[in-house]
Amino acid sequence: PASTTAKLAWEKELLGLFISDHPLNLHKEKILSVKARTVKQAIEERSEMQRFIMAGIVTEVKKIVTKEECRRNEFHSHLILVLYGTRTDPATAIITTVTVQDIIKGMSARSIIKNTLVALYLLVFALPSAYTALTIETLNLETRKAVVNIFCTTDNKKETRPVSGSGVVIDERGVILTAAHIGQYFLLPVLLDCYIRTGSPAEPTYRAELLYISPQWIKENAALIDKSDPLGTGQNDFALLYITSRIDGSPLPEKFSHVFPDTNALIEEEAPLLLAAYPAGFLGPILMHENLHMISTIGRVENSLVFIDTSPQSSVDVISLGGVIIAQKGSSGGAAVNENGKLAALIVTSTDAPRTSERDLRAVTLDHINRALIADKGVSLSSFLAGNLTQKVQEFREMTAPALTSLLTTALAD
């Protein structure tokens with residue numbers, strides 16, 4: 001008897017459609033396991049820069065060679081795959097064209113046509129920042145695993161109000177993204193003991209060092225370090241920490257739970273975002289030490305703001321999230337995660353009002369953070385995080401931190 005694959009090939013050639021089954025059903029478990037998008041969802045995607053997983057049967061392959069202006073004239077091959085959707089998809093009859101760059105390497109168009117299974121799997125697994133549709137429960141659980149509490153104290157631990165903020169692990173090696181007005185306290189190790197707490201309630205877990213903080217932000221805001229209620233705009237208000245050890249001396253995990261930073265996230269008004277942080281605005285020093293809990297909630301983008309002097313057209317620098325429960329001190333550095341499960345923005349500030357419902361929580365976009373890093377260091381966030389992070393921490397400690405520490409200690413002495 002003919003195999004299922006052979007039967008389907010005959011049906012498609014003779015009748016123009018599949019009757020007994022669909023080729024994608026042969027790989028149903030694999031497709032479901034990677035949570036691939038359907039053809040219909042791909043067609044509806046509005047962001048040309050969005051990357052996501054997509055599965056389909058390759059019916060045609062075209063190869064286009066283009067020449068791009070680089071330091072060297074390089075030719076780039078782009079493969080265009082024409083895919084069919086599944087028969088359970090309302091868009092079954094629609095054929096869409098997907099341009100795939102730098103994904104299928106070392107394979108000719110002929111070999112892809114001969115082996116659709118290879119093409120399908122390469123297409124599915126070759127996108128590192130792939131789209132994943134998550135339920136709200138999964139989104140909340142995964143986000144909370146990546147959010148940490150950043151805690152700084154003096155010798156009089158329970159008599160002096162500690163510095164408490166939030167952070168988000170964005171790399172499996174233990175890189176934490178937080179607000180600069182939280183990260184700056186790591187520049188004052190003589191005055192403050194800063195460490196990372198996890199869980200709910202928060203428990204001391206890790207030690208960390210500064211990997212990066214915007215020198216421009218420190219220069220512009222050093223004088224505000226001893227102010228009780230500084231209100232910043234969010235511009236350049238970010239820092240990167242690198243987890244170096246466990247407080248109890250045990251080994252670090254091989255991989256840290258993290259949320260992938262999406263520097264190309266499309267943020268529209270009314271878009272829902274999952275927000276998670278360690279708000280502490282209504283707690284005293286003792287409760288902050290002993291009973292500080294993480295809170296997560298859903299917020300919606302109410303407005304988009306732009307720093308006119310530095311931002312390119314159509315970019316978004318800061319989003320307004322309205323009066324949500326975490327619009328409190330301590331939430332700075334918290335996560336704003338989109339429905340794809342990626343970090344779209346970093347909570348940095350809030351307007352002031354007696355009730356959280358009357359405040360406006362604001363978050364700086366990962367797009368802004370990426371552009372700010374390029375302007376200062378000449379590299380994107382992903383490029384900056386590549387390579388030896390221990391070496392980069394040491395370089396920052398020796399070459400950049402002393403001058404920034406001097407600015408802060410001078411401001412404290414005035």
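This predicted model holds 1 disulfide. The bond joins Cys-152 to Cys-194, with an S to S distance of 2.1 Å. It links distant parts of the chain: Cys-152 lies in strand β4, Cys-194 in strand β7, and 42 residues separate them. A disulfide is a covalent bond between the sulfur atoms of two cysteines. The torsion about the S-S bond of Cys-152 and Cys-194 is about 115°, so this disulfide is right-handed. Are the two cysteines buried or exposed? Both Cys-152 and Cys-194 are buried.

The spacing has a simple basis. An α-helix has 3.6 residues a turn, so residues three or four places apart point the same way.

Next comes backbone geometry. Most residues other than glycine have a negative phi, and most peptide bonds are trans. Ser-200 and Pro-201 are joined by a cis peptide bond, with omega at about 10°. Pro-201 sits in the loop between β7 and β8, the latter running 203-213.

For Asn-236, phi is positive and near 60°, in a residue other than glycine. Glu-270 is not a glycine either, yet its phi is positive, at about 75°.

| Residue | Phi | Loop | Relative accessible area |
|---|---|---|---|
| Glu-270 | about 75° | between β9 and β10 | 52% |

Glu-270 is exposed, because its 52% is over 50%.

The surface comes last. Which residues make the nonpolar patch of about 300 Å²? Val-190, Leu-191 and Leu-412 make it. Val-190 lies in the loop between α7 (180-183) and β7 (193-198). With a relative accessible area of 79%, Val-190 is exposed. The strand that ends this loop, β7, is also the strand that holds Cys-194.

Methods:
Residues numbered from 1 in each chain as written. Predicted model: local features only at pLDDT ≥ 70, side-chain atom pairs only at ≥ 80, totals over all residues. Heavy atoms only, no water. Patch = residues over 30% accessible without salt bridge, like charges linked within 9 Å, V, L, I, M, F, W, Y side chains within 5 Å. Areas by Shrake-Rupley, 256 points an atom, 1.4 Å probe, with all protein chains shown as cover. Salt bridge = Lys/Arg side-chain N within 4 Å of Asp/Glu carboxyl O. Helix = DSSP H or I, 4+ residues; strand = E, 2+ residues; numbered from the N terminus. Buried < 20%, exposed > 50% of the residue type's maximum accessible area, 1.4 Å probe, protein only. Disulfide = S-S within 2.5 Å.
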